[in-house]
Amino acid sequence: MSLVETFFNSDVLMSAIPALLRGLWNTILLGMMSILIGVPLGLIISLVRLYAPKPFRLLAVGYIDILRATPVLVVLILIYYALPFLGIRLSSWASAVIAFSIVMAAYSAEVFRSGIESVSRGQFEAAAALGLPFIVTLYKVVLPQAVRIVIPPMTSNCVSMFKDTSLASTVALPELLKEAQDAQALYANPSPLIGAALVYIILLWPMVRLVSMLEKRFKNEKAH
């Protein structure tokens, strides 16, 4: 068989489209849930890391360092396969959402920490001089500035999260890669995997370009 017939077989690709679309929907849903849970959780952890009493700061640092140093696949496997030995049984969906969310929270916390610390201390001093409480200063003055700073790296983390959802196939969650693998086995042809790769590119390329555009825009604004 030729290269085209093996990897770009149009008949196999057309037959695999329904399965790929099912997997795409699950990939989008899993990625969005993990981001919507992980990013706010990361903000909370970053605030604990920066402003809580020392014991809580140390716990936050430990959480961030351990989760960032541990492969996502290991976290996923521990939650899905190890917790049942403790009497905690979770579905594939619950395990994947929890695993990706807590990892996303760790990376988001570090991004938020960097963004908050990049805001000038003069902002806090000016707010204190006006008699604003610390919480109001944080909410009204510091976080709006920090959010603008963290948008590019946070968007990059979201792209990585959508790619990491492919690991959910290890716990039999029918996301895009899992459906492509099943279709490959069904048709004895790797074309569905190529189709899945193209779907990932179509889904994530606009986000990759968005990161570049935002970085360029904020760099120009800072220069002026």
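In this structure, Q123, F124 and A127 of helix α6 meet F134, T137, V141, V142 and Q145 of helix α7, where a contact means heavy atoms within 4.5 Å. The model is a predicted one, in which local features need pLDDT of at least 70 and side-chain atom pairs count only at pLDDT 80 or more, while totals for chains, interfaces and linings use all residues. Residues are numbered from 1 along each chain as its sequence is written, and side-chain values use heavy atoms, with hydrogens and water left out.

Two packed helices are described by the angle between their axes and the distance between the axes. Helix α6 covers residues 121-129 and helix α7 residues 134-164; their axes come within 10 Å and cross at roughly 145°. Helices here are DSSP runs of H or I with at least four residues, numbered from the N terminus. The axes are lines fitted to C-alpha atoms over the stretch in contact, and angles run from 0 to 180 degrees between N-to-C directions. The crossing of α6 past α7 is right-handed, a term for the near helix being turned clockwise from the far one by less than a right angle.

The loop between α6 and α7 contains G131. This glycine counts as exposed because its relative accessibility is 57%; exposed means over 50% relative accessible area, buried under 20%, and partly exposed in between, with a 1.4 Å probe and protein chains only. The C-alpha atom of G131 is separated by 44 Å from that of L29, a residue 102 places away along the chain.

With a relative accessible area of 0%, T165 is buried. Leaving aside residues up to four places away in sequence, T165 touches T27, L30, G31, F100, E175 and Y200.

Attention now turns to charged residues. Side chains of opposite charge can pair when their charged atoms come close. The structure holds 4 salt bridges, each defined as a side-chain nitrogen of Lys or Arg within 4 Å of a carboxyl oxygen of Asp or Glu. In one of them, the side chains of R22 and E179 meet at 3.6 Å, N to O. R22 belongs to helix α2 (residues 10-51) and E179 to helix α8, so this pair ties together parts that are 157 residues apart in sequence. R22 is partly exposed, at 47% relative accessibility, whereas E179 is buried, at 10%.

Helix α8 also holds K178 and D182, which are 4 residues apart, about one turn of the helix. Their side chains form a salt bridge of 3.7 Å, N to O. Both K178, at 22% relative accessibility, and D182, at 38%, count as partly exposed. Elsewhere, salt bridges that share partners join E110, R113 and E117 into one network. Within this group, E117 pairs with R113, their closest N and O atoms being 2.5 Å apart. These two residues lie in helix α5 (residues 92-118), again 4 residues apart, about one turn of the helix. E117 is partly exposed at 47% relative accessibility, while R113 is buried, with a relative accessible area of 16%.

V4, found in helix α1 (residues 3-7), is exposed, with a relative accessible area of 52%.
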